[in-house]
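Dear colleague,

Please find the structure below, together with its sequence. I would be grateful if you could read the notes under it with the coordinates open beside you.

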Amino acid sequence: TSLSVPMLASVGEYFRILSNAALTSMSVPVLASVGGYFEIVSNSALQCVELTSLDNLGTSREVQVADSSVSTDADLAGSNNCPSPPSPPPSSPPPPSSPPPPSPPPLSPPPPSPPPMS
């Protein structure tokens, strides 16, 4: 299970991710500031945490990523221990374009009008 919060930029007091046994990765790429408690703990399957914009933490911090604890601003600031996504395959050139359809033949002039009847 993944948690992605792509628009969260700041938290006033509490940012807690606790006891999610199925959580394997989380991405909070624009989170820059947490004013109070910052805790990511007891998530036994968590392997990948992306906090690339984080630079201001509040009063209490505890982060545990798969049995290894990280607890200083320097360790957390701008962290991303997630593997890079695979590069997309190179794009193939577009197929050759087809020639335009032939133009219709020119219109023939209308037949002459019959002579007036007297």
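This is a predicted model: local features need pLDDT of at least 70, side-chain atom pairs count only at pLDDT 80 or more; totals for chains, interfaces and linings use all residues.

Residues are numbered from 1 along each chain as its sequence is written, and side-chain values use heavy atoms, with hydrogens and water left out.

The chain has one helix and 11 strands, where helices (H or I, at least four residues) and strands (E, at least two) are DSSP runs numbered from the N terminus. Read from the N terminus, the order of the elements is β-β-β-β-β-β-β-β-β-β-α-β. Of the 118 residues, 25% count as buried, that is, under 20% relative accessible area with a 1.4 Å probe and protein chains only. The accessible surface of the chain, computed by the Shrake-Rupley method with a 1.4 Å probe, comes to about 8400 Å², and carbon and sulfur atoms account for 60% of that surface.

Leaving aside residues up to four places away in sequence, Val34 is in contact (heavy atoms within 4.5 Å) with Val11, Glu13, Phe15, Leu54, Asn56, Leu57 and Gly58.

The structure holds one aromatic pair, a term used for rings of Phe, Tyr and Trp (its six-membered ring) whose centres lie within 6.5 Å, with planes under 30 degrees apart counted as stacked, over 60 as edge-to-face and the rest as tilted. The ring centres of Phe15 and Phe38 are 5.2 Å apart and their planes stand at 10°, so this pair is stacked. Because Phe15 lies in strand S3 and Phe38 in strand S6, the pair ties together parts that are 23 residues apart in sequence. Both Phe15 and Phe38 are buried.

Finally, Ser27 sits in strand S4 (residues 25-27) and is buried, with a relative accessible area of 15%. The side chain of Ser27 makes a polar contact with the side chain of Glu50 at 2.8 Å, a polar contact being a pair of N or O atoms within 3.5 Å, of which, within protein, one must be able to donate a hydrogen and the other to accept it, while residues adjacent in sequence count only if both atoms are side-chain atoms.

With kind regards

Methods. Buried means under 20% relative accessible area, exposed over 50%, partly exposed in between (1.4 Å probe, protein chains only).
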